[in-house]
Amino acid sequence: MELLLSAFLIIQVLGSVGGYPSGAPTGACEDMMPRHTGVVPQSSPAPYSLLTNARTFQPGKAITVTISGPEYRGVLLEARTAGSTSALGSWRLPPPDTTFLLCSGNPHGAITHSNTNLKGNATMYSWIPPNSTKPIFFKATVAQQRAVYWINVKSDALLREKAGLSLATGASAGIAEKKPLLVLLVCFLLSNVLQ
């Protein structure tokens, strides 16, 4: 009996030392710490960035988010507003090797890994914005492996799109940002043609 009890305790201790290969626990929603026992986040700058397909959002119109950088095995991804630890909006059907995580009372409030298979730049996450007037950003914890992970990986903030004022969205937003004179020239030419 004593041997059986010892074996049970060893199994329990070994089980608690590991990470969460099937996804982050709901307790990680607010601080986004993965709860990997005996391991701390990397102090070096993250080799990852969160990229979006737009610089603005409209309630109900999907935004695509990708994690750019080396392949990774674990992820916790949420949308937030400044000063809040609550997950915002809803994620669409998770890509392969990921799943929804119940955060802030929302069953689709976050995305996490469903296994430790490699995920990469081709993994795209689709998010539906709520009816919010505040700027929104995406925040992630990304794990290359159990003991190597980065917290607080953030995207640039997305502003709510004002009706009728969107000059450039999606892929064309990059052109407007990198070549504003070209955009002005095109606008000038269009105004002259339409007169």
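This briefing covers the disulfide, the salt bridge, the cavity and the strand pairing of the structure above. The model is predicted. It holds one disulfide, and a search of the whole structure finds one salt bridge and one cavity of 30 Å³ or more.

**Disulfide**

- The disulfide is formed by Cys29 and Cys103, with 1.9 Å between their sulfur atoms.
- The link of Cys29 and Cys103 is left-handed, with -70 degrees about the S-S bond.
- This pair links distant parts of the chain, as Cys29 and Cys103 are 74 residues apart.
- Cys29 sits in the loop between helix H1 (2-17) and strand S1 (49-52), while Cys103 belongs to strand S6 (residues 98-103).
- Cys29 has a relative accessible area of 7%, which is under the 20% cut-off, so Cys29 counts as buried.
- Cys103 is buried as well, at 1% relative accessibility.

**Salt bridge**

- Side chains of opposite charge can pair when their charged atoms come close.
- In this model the side chains of Glu78 and Arg80 meet in a salt bridge, at 3.0 Å from N to O.
- Glu78 is buried, and its relative accessible area is 0%.
- Arg80 is also buried, with a relative accessible area of 2%.

**Cavity**

- Rolling a probe the size of a water molecule over the atoms shows where empty space is left.
- The whole-structure search finds one cavity of 30 Å³ or more, and the largest cavity holds about 100 Å³ of space.
- Its lining is made up of 14 residues.
- Pro34, His36, Val75, His113 and Thr141 are the lining residues that lie nearest the centre of the largest cavity.
- Strand S4 (74-80) and strand S9 (137-145) are the elements that give two or more residues to this lining.
- Sorted by class, the lining of the largest cavity has ten nonpolar and four polar residues, and no charged residues.

**His113**

- His113, one of the residues nearest the centre of the largest cavity, is placed in strand S7.
- With 8% relative accessibility, His113 counts as buried.
- His113 and Leu76 are 37 residues apart along the chain, and their C-alpha atoms are separated by 7.2 Å.

- S1 runs antiparallel to strand S3 (residues 63-68), and four bridges join the two.
- The bridge partner of Thr52 in S3 is Val65.
- In a regular strand the side chains alternate between the two faces of the sheet.

Note on methods:
Residues are numbered from 1 along each chain as its sequence is written. This is a predicted model: local features need pLDDT of at least 70, side-chain atom pairs count only at pLDDT 80 or more; totals for chains, interfaces and linings use all residues. Side-chain values use heavy atoms; hydrogens and water are left out. A disulfide is a pair of cysteine sulfur atoms within 2.5 Å. Buried means under 20% relative accessible area, exposed over 50%, partly exposed in between (1.4 Å probe, protein chains only). On a 1 Å grid over the protein atoms alone, a cavity is a set of points where a 1.4 Å probe fits but cannot get out, and a pocket is an open set with protein on both sides within 12 Å along at least five of seven lines; lining residues have an atom within 4 Å of a point. Grid points are joined across faces, edges and corners, and a volume is the space filled by probe spheres set on the points. Ala, Val, Leu, Ile, Met, Phe, Trp, Tyr, Cys and Pro count as nonpolar, Asp, Glu, Lys and Arg as charged, and the others, Gly among them, as polar. A salt bridge is a side-chain nitrogen of Lys or Arg within 4 Å of a carboxyl oxygen of Asp or Glu. Two strands pair if DSSP finds at least two bridges between them.
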